Amino acid sequence: MARQPHSAPGPFRASQLREGDPYELANGHAIECMTAGGRHGQAHSAGTRVLATDPAVAGQVGIDVGITWGEDRNLRAPDLIVGAVEAVPGWQRSFPPLAVEYADSGQDEAELQQKITELLAGGTQLVWVVRLVGPLRVEVYARERPVRVVGSDESLTAPGILRNPVPVRALVDPSAADAATLRNLLQAHGYESVAEIEARKLGEGLAESLQMTLQARGLVPDGAQAARLGACRDPAVLRRWLARAL
């Protein structure tokens, strides 16, 4: 998000700002947060749903959540925070493990770098800066590590924070975000893909057909055989067993 220094005299404290006020604070000095353009807003929406549905996150994603520290003389609101979202009124006082910033036209680079430094110093493990100007890419910032640039056709990882790799395009493109979100939602329900759902349903149908065929032929499986029949949902195996029973 584009930000500009505010001309009002300071110093200020976070308690003097209300939710929705377009300001952040750096050591008591106000920084005006400009509204987002259409490209920024669409990308923001795509990234939110991908990150919020990761099975390891369980919905712990916040949008523009204000984080205050240093006797309330500092207030920062990353575009997205992932993990450790405090569902309480007022400004948050803990730093998230992952923060995401979308940098579009009008971005104040010096101020952005200051914000990244503050987040990492406060305890954030990773900051992803999604560059919307020029070739799509993400800059990965971590404490005591050089900045790493991940290209548009690559994926991002956050070990210990996210379960799944995040394709860079999924942070900005609605179609790519839909695919990644679907993967996440399927995993949350115990599936890896739509194909796996179809295979399980097919296996359940074949298992039922096999049981009915055995009953019709008066064949009674022993304990071990019954256990194998009850546990198996592999369509290829069930087809072989069904062919033998017919």
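How do the residues lining the second largest pocket divide into nonpolar, polar and charged? The legends below take up this question along with other views of the structure, which is a predicted model.

**View 1. The lining of the second largest pocket.** The residues of this lining divide into eight nonpolar, one polar and two charged. Among those that line the pocket are Leu 210, Leu 214, Pro 221, Gln 225, Arg 228, Trp 241 and Arg 244, and the space that lies within the pocket comes to about 270 Å³.

**View 2. The helices around the second largest pocket.** Helix H4, which covers residues 194-216, helix H5, which covers 223-231, and helix H6, which covers 235-245, each supply at least two residues of the pocket lining. The lining also includes Leu 219 and Val 220.

**View 3. The hairpin of strands E2 and E3.** Strand E2, made of residues 23-26, runs antiparallel to strand E3, made of residues 29-33, and four bridges join the two. Leu 25 has Ala 30 in E3 as its bridge partner, while between the strands lie two residues, and in this hairpin Asn 27 takes a positive phi near 55 degrees.

**View 4. The whole protein, for orientation.** The secondary structure comes to six helices and 13 strands, and the C-alpha trace spans about 90 × 40 × 35 Å along its principal axes. The radius of gyration of the protein is 25 Å, whereas a compact globule of 246 residues would have one near 18 Å. Of the 246 residues, 43% count as buried, and among contacts between residues at least 6 apart in sequence, 56% join residues at least 24 apart.

How values were computed
Residues numbered from 1 in each chain as written. Predicted model: local features only at pLDDT ≥ 70, side-chain atom pairs only at ≥ 80, totals over all residues. Heavy atoms only, no water. Pairing = 2+ DSSP bridges. 1 Å grid on protein atoms, 1.4 Å probe; cavity = no way out; pocket = protein on both sides within 12 Å on 5 of 7 lines; lining within 4 Å. Points joined across faces, edges and corners; volume = space filled by probe spheres on them. Nonpolar A, V, L, I, M, F, W, Y, C, P; charged D, E, K, R; others polar. Rg over C-alpha atoms; globule rule 2.2 N^0.38 Å. Buried < 20%, exposed > 50% of the residue type's maximum accessible area, 1.4 Å probe, protein only. Contact = heavy atoms within 4.5 Å.
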